[in-house]
Amino acid sequence: MNVCFYTKSAPSITNLLNISYLIHQRPNHNYSFIQVDTPFVKQTLNQRLRELYAHARFDDGRYDYPRDISAFEKEVGRHVQPLKISSFESTKVAAVNDIQSEQFLEKVRPDIIIQAGAGILKKNIFSRAAATINLHHGIAPEIRGIDSTFWCMFYGIREKIGVTCHFIDEQLDTGAVIEQSALANTSGSFIDVQTANYLMGRDVLLRSVDLLQQGHKTIVNKGQVNSYYFGVPDNFLYYALKKRNFAPIMKISQKTFKMKDANFLLIPEK
């Protein structure tokens, strides 16, 4: 089976965790890479001053969000297996969804495209494989967007901490679910829970690829659910949550939601 990873020229440690795990666990697949060579964007003076102010006001050496993210990434890094992307067929492109990406996909003809940190894929890309998938660290379509672990702690819905592998469609984190797992033990700090969730996610991706290799494509609709979209938390919110030992600050009922269809891949019983 041909699998193409769509990632950045320098993949994040969390994406490398999933990429290396899948390749080492399933070495018989044919792998290729599209790497988006994103140019460095220098911060404006105003952006830098705002960042310094946020850190100075809400950082006493224990409650800083970027520092804890770095600690989480260091812990995840211990589990990344050695991988040399240059040993696989690959190309570097100037922008996500560009013509170079289309041409490379036409050449390698992947059965599966895995979005691995490249950005939001459009139809001209995700339609070029039998399955284009994304690994989302949250229970989708209920919990969508970024930093789901933090927001589930913030709103007191730790039962929604988990991982979802889903098809990519024209909306964000709403494609049909292939495989999904809630994290069994969600007690502890943000770093502890986030690390456990990402390590669990490797196997969610692995099982999803195995299922797709079997050719299952029947989708069933299980009705609509309350769906919440989240962005990146700022240092102030993280400071407030950590100071409460990650006890919830607000109720999810106070957050605006939209109704979304819950579509799932139907797996025939053997």
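Biologist: Where does Pro-141 lie?

Modeller: Pro-141 is in the loop between strand E5 (131–136) and strand E6 (143–145). Helices (H or I, at least four residues) and strands (E, at least two) are DSSP runs, numbered from the N terminus. This is a predicted model, in which local features need pLDDT of at least 70, side-chain atom pairs count only at pLDDT 80 or more, and totals for chains, interfaces and linings use all residues. Residues are numbered from 1 along each chain as its sequence is written, and side-chain values use heavy atoms, with hydrogens and water left out.

Biologist: Which kind of peptide bond joins Ala-140 and Pro-141, cis or trans?

Modeller: Cis, with omega at about 5 degrees. Most peptide bonds are trans.

Biologist: On to backbone angles. What is phi of Arg-109?

Modeller: Near 45 degrees, a positive value in a residue other than glycine. Most residues other than glycine have a negative phi. Arg-109 sits in the loop between helix H4 (99–108) and strand E4 (112–115).

Biologist: Is Arg-109 buried or exposed?

Modeller: Exposed, at a relative accessible area of 55%. The cut-offs are under 20% relative accessible area for buried, over 50% for exposed, and partly exposed in between (1.4 Å probe, protein chains only).

Biologist: And Phe-246, buried or exposed?

Modeller: Phe-246 is buried, with 5% relative accessibility. Phi of Phe-246 is also positive, near 65 degrees, and the residue is in the loop between H8 and strand E10 (258–265).

Biologist: Switching to helices. How do H3 and H7 cross?

Modeller: The axes of H3 (residues 65–77) and H7 (residues 190–213) come within 10 Å and cross at roughly 40 degrees. Axes are lines fitted to C-alpha atoms, for helices over the stretch in contact, and angles run from 0 to 180 degrees between N-to-C directions.

Biologist: Which residues meet there?

Modeller: From H3, Tyr-65, Asp-68, Ile-69, Ala-71, Phe-72 and Glu-75 meet Phe-190, Ile-191, Gln-194, Thr-195 and Tyr-198 of H7. Contact means heavy atoms within 4.5 Å.

Biologist: What lies 2.8 Å from the backbone nitrogen of Tyr-65?

Modeller: A polar atom of the Asn-235 side chain. Asn-235 belongs to helix H8 (residues 235–243) and is buried, at a relative accessible area of 8%.

Biologist: Last one. How many residues apart in sequence are Gln-25 and Ala-262?

Modeller: They are 237 residues apart in sequence and 30 Å apart in space, C-alpha to C-alpha. Gln-25 lies in helix H1 (residues 13–25) and is partly exposed, with 35% relative accessibility.

Methods:
A polar contact is a pair of N or O atoms within 3.5 Å; within protein, one must be able to donate a hydrogen and the other to accept it, and residues adjacent in sequence count only if both atoms are side-chain atoms.
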